[in-house]
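Please walk me through this structure, beginning with the open spaces in it and then turning to its surface.

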Amino acid sequence: MGIVAVIVAAVAGFAFGAVWYMSLSGPWLRATGMELDAQGQPVNKAGALPFVISGVTMLLVAGMMRHTFAMTGIDTAGKGLVTGLSVGAFFITPWIAMNYAYSMRNPRLIAIDGGYEILGCGVIGLVLGVF
């Protein structure tokens, strides 16, 4: 059952990310500083690689969160949600913010990407707490 929970949680986190970034694509693209064409789309298309990497990382995050939940007795949807939000807010987002600061990225990326990291981990934690 554990592997099914991890896969479902990873898919949920990935799907949430699709909704998040589709709704914030304009501000996110502008904040990245990518060169955009007249329609506001990136001039250089990345292809499928970012989506593959995202899928793999969702599996890694969901897998480690499930392991942590099992080791610490997090066994309800509420506990999973709160712990997931905490992982995003206190582990992932600060680390990304530090990297963005050193690489002199637009601070708006911290808000947009950090919001996804926090809420996406919350979704993963919620799903894992249900299983």
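A pocket, as the word is used here, is an open set of grid points where a 1.4 Å probe fits, with protein on both sides within 12 Å along at least five of seven lines. The model shown is a predicted one, and its largest pocket has a volume of about 1,100 Å³. This pocket is lined by 31 residues, and of these the closest to its centre are Tyr21, Trp28, Pro50, Phe51 and Ser54. Two or more lining residues come from each of helix 1 (2-23), helix 2 (25-32), helix 3 (49-72), helix 4 (77-102) and helix 5 (107-130), and the largest share, seven residues, is that of helix 3. Sorted by class, the lining of the largest pocket holds 20 nonpolar residues, eight polar ones and three charged ones.

The second largest pocket has a volume of about 160 Å³. Its lining is made up of Met1, Gly2, Ala5, Arg66, Phe69, Ala70, Ile74, Asp75, Leu128, Gly129 and Phe131, with at least two residues supplied by each of helix 1, helix 3 and helix 5. Here too helix 3 provides the largest share, which in the second largest pocket amounts to three residues. The classes in this lining are seven nonpolar, two polar and two charged residues.

Helix 1 and helix 5 each supply at least two residues of the nonpolar patch, and helix 1 gives the most, with five residues.

A last stop is Arg30, which is placed in helix 2. With a relative accessibility of 58%, Arg30 is therefore counted as exposed. How far apart are Arg30 and Asn106 in sequence and in space? Along the sequence, 76 residues separate Arg30 from Asn106, while in space the two are 9.3 Å apart, taken from C-alpha to C-alpha.

How values were computed: Residues numbered from 1 in each chain as written. Predicted model: local features only at pLDDT ≥ 70, side-chain atom pairs only at ≥ 80, totals over all residues. Heavy atoms only, no water. 1 Å grid on protein atoms, 1.4 Å probe; cavity = no way out; pocket = protein on both sides within 12 Å on 5 of 7 lines; lining within 4 Å. Points joined across faces, edges and corners; volume = space filled by probe spheres on them. Helix = DSSP H or I, 4+ residues; strand = E, 2+ residues; numbered from the N terminus. Nonpolar A, V, L, I, M, F, W, Y, C, P; charged D, E, K, R; others polar. Buried < 20%, exposed > 50% of the residue type's maximum accessible area, 1.4 Å probe, protein only.
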